[in-house]
Amino acid sequence: MKKIFSLLVVVALSVTLISCRETVVPKGDPVQLTVYTQLANSSGLASGWFADELMKRFNVELLIVPDAEGTYETRMENGNLGDLVVWGADGDQYQNAVEKGMLFDWESEDLVQTYGPYIWENMQAALNKNREVSGDGNIYGFGHNVAFSSDEHESFFYTWDIRYDLYQRLGNPVVNDLDDYLQLMLDMKALEPTDEAGSPTYATSIWPDWDGNMVMYVKAFATAYWGYDELNMGLYDVETGQFYDALYIDPDTGEYGPYLKSLEFFNKLYQNDLLDPDSLTNTFSAATEKVANGGTFFSIFNYSGSDVYNTQDHIDENKMMLPMAPNEATPISYGMNVMGGNRVWSIGAQSQYPEKVMEIINWLATPEGIMTKTYGPQGVTWDYDEDGYTYYTELGLEMKNDGDTAFPEDSGYSGNWTDGVDPINNNTYSLDNINPDSPVGERFNDDYWASNMVGAKNDLETAWRTATGATDVQSYLEGRDYKVSLGSAYAESKQSSELKLLWAQVTNSIVNNSWNAMYAGNDAQFRFLVNEMIDQANNYGYDECLAWGQNEAALRYMAEEAVRNAS
């Protein structure tokens, strides 16, 4: 009987400790959660409207730890990744964290069932994908952009924004290929050599913050132009499964592959004084500030192009960045995927507050959480009208057009819009899903709200609509050639420790030498530096990296073929 009584006491104490663990911090004192996110663009204590929202709802503050060089290794060595852990991919680093016991099992103590009920009820396919990717039968999270259905593709974000006011002043020239695009940039530079601050203008201003296996903007430009998706150390044709490694050169013709051809284009920009010379030392914020000042003429991304430049002041001046892709370009779009993408939400195994973290992730996966994270507080920056249609408030519309707009003191939120945007920088559900809270079935994505389907904002947009036959960005891109990257169960395989070492040396070489080649003073120097990059990569063991990458391409194609055959 004593043994039984002792056992009951232990069980009761265990249950009490489990149920009360997140109350270690006294009521009223904020809980500080460390958020290690490989997608962050900022660091330190989060502030502004999103931080205010989390404080009101969960009594938490977020300490953001971005993925700077060596951060992952240091945190792994210390045995503590953080409370909320967001991965840029579900490949080697994520799988290594699983293997080392660094992540919390979401089914342990019924964590997700109890504190993540919306996730548990609505994301079974995404949770099961994570179980398979993790490889040990457990669930540690789910990937980004989960879809309710896999029948459609997501909205385009490779939008090919250009200064359409300058394009119109040039007489709307035909732009078929990259040579034409280069000439268009030269003509725009001649038309407007300085920006609103009196600084020199450039075709584009890029940044190294997001470089990985390759220079981010260079490989992304190849994706936007040829529709090839990034895959480890190269680019992957989403229609044929062909893999073009970063250093690919056609053995028969000697023609550069997509990455090197894209790199060559950026060198052409530099040689013609069209690439911001500060690009190598830019931050994302610094680059977009130049866009906002009219210092650049194009962006392949909407978030560093039209979203930044098209302020109300510019619109009133009949100036806008609008989509205009070269005729030969076939931009990529990503298929909706009920299994989610590869950017994983997870919880650190050493977190003292796994329940609290799960509650936050769960809220971010609800329609209310998605809308709040994306568009701000309901009733302050957006709302539903009496018929159920979604609309921006006057303040919300002002903030959409000018991110420097501040919240009023009596709103309960601090700072301006841009400074307060969610620093975690990952989505739960895809914004292209139908919003379950919308009585009329509108999507989360504001591009599709009826309230935004209004007349042209100015004469320039009217001219763009007439010239393209489109009414908005999405209809423009939908009406031209593009490629769709299917959502599938593919996840990158784990690398051996030997391959990891080679991989780090090779990718570091490719990134550094790509920047060197980008700044070459002439064509001969560019070719010399490219050849030097290839030689150095080969000396580091590029062949082994290439063989691994080609096998990954084959695995991905098999997974996508399974989706095609099932549809």
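**View 1. Strand 5 and strand 10 run antiparallel and are joined by three bridges.** Strands are DSSP runs (E, at least two residues) and, like helices (H or I, at least four), are numbered from the N terminus. The model is predicted: local features need pLDDT of at least 70, side-chain atom pairs count only at pLDDT 80 or more, and totals for chains, interfaces and linings use all residues. Residues are numbered from 1 along each chain as its sequence is written, and side-chain values use heavy atoms, with hydrogens and water left out.

**View 2. Strand 5 (residues 158–163) is joined to strand 9 by three bridges, and the two run antiparallel.** The bridge partner of Y158 in strand 9 is F301.

**View 3. Three strands form an open sheet in the order 9-5-10, with antiparallel pairing.** Strand 9 (298–301) and strand 10 (321–323) are the edge strands, each pairing on one side only. Two strands pair if DSSP finds at least two bridges between them. On average, neighbouring strands of this sheet are turned by 30 degrees against each other, direction ignored.

**View 4. Helix 9 (residues 178–191) lies across strand 5 and strand 9.** This helix runs at about 35 degrees to strand 5. Axes are lines fitted to C-alpha atoms, for helices over the stretch in contact (heavy atoms within 4.5 Å), and angles run from 0 to 180 degrees between N-to-C directions.
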